[in-house]
Amino acid sequence: MTYVNTGSFVTQPGRRDDVVAILTRHSPQLAASGCRSYEVGVDDAQPDTVFVAEIWDSAEAHKQSLHLESTREAIAEAMPLLTGKMTQQHFTSVGSPLRD
């Protein structure tokens with residue numbers, strides 16, 4: 001079983017691409033801390049929103065990643081570009097038709 005965290009962030013008008021650039025910077029520390037997938041996406045119908053889907057080894061691995069220096073720096077850089085409106089969902093994955 002894995003831990004999945006998904007969410008969205010509303011950016012200041014016109015700042016979506018800046019937030020995408022911050023969130024998609026190469027970060028070997030994430031993989032080393034138990035992140036299996038970190039996908040950042042956009043929807044042109046929502047031009048000031050960034051979507052994120054993360055898959056982790058565990059909820060604890062995700063929690064610990066928030067203490068990484070690279071994570072803290074990215075959060076500090078992105079925060080002024082966000083409105084504060086966000087969504088978050090998280091769950092424990094119990095299976096997939098793509099895996100045995």
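Mentor: With charge. Lys and Arg count as positive, Asp and Glu as negative, while His and the chain ends are left out. This is a predicted model. In its protein chain, the mean positions of the 8 positive and 13 negative charges lie 4 Å apart.

Trainee: How many helices and strands does the protein chain have, and what pattern do they follow?

Mentor: There are four helices and four strands. Along the sequence their order is β-α-α-β-β-α-α-β.

Trainee: What does the radius of gyration say about the protein chain?

Mentor: Compare it with the value for a compact globule. For 100 residues that value would be near 13 Å, and the protein chain has 14 Å, which agrees. The C-alpha trace spans about 45 × 30 × 20 Å along its principal axes.

Trainee: What share of the residues is buried?

Mentor: Buried means under 20% relative accessible area. By that cut-off, 29% of the 100 residues are buried. The accessible surface comes to about 6,600 Å², with 55% of it belonging to carbon and sulfur atoms.

Trainee: Which residues of helix α1 are buried?

Mentor: Helix α1 covers residues 16-23, and Arg16, Val19, Ile22 and Leu23 are its buried residues. They lie on the same side of α1 because they cover an arc of only 125 degrees around the axis.

Trainee: What covers the buried residues of α1?

Mentor: The cover includes strands β1 (2-11), β2 (35-41), β3 (49-56) and β4 (82-93), together with helix α4 (69-78). For the protein chain, among contacts with a separation of 6 or more, 72% join residues 24 or more positions apart.

Definitions and conventions
Residues numbered from 1 in each chain as written. Predicted model: local features only at pLDDT ≥ 70, side-chain atom pairs only at ≥ 80, totals over all residues. Heavy atoms only, no water. Helix = DSSP H or I, 4+ residues; strand = E, 2+ residues; numbered from the N terminus. Rg over C-alpha atoms; globule rule 2.2 N^0.38 Å. Buried < 20%, exposed > 50% of the residue type's maximum accessible area, 1.4 Å probe, protein only. Contact = heavy atoms within 4.5 Å. Areas by Shrake-Rupley, 256 points an atom, 1.4 Å probe, with all protein chains shown as cover. Charge placed at Lys NZ, Arg CZ, Asp CG, Glu CD. Arc of directions from axis to C-beta.
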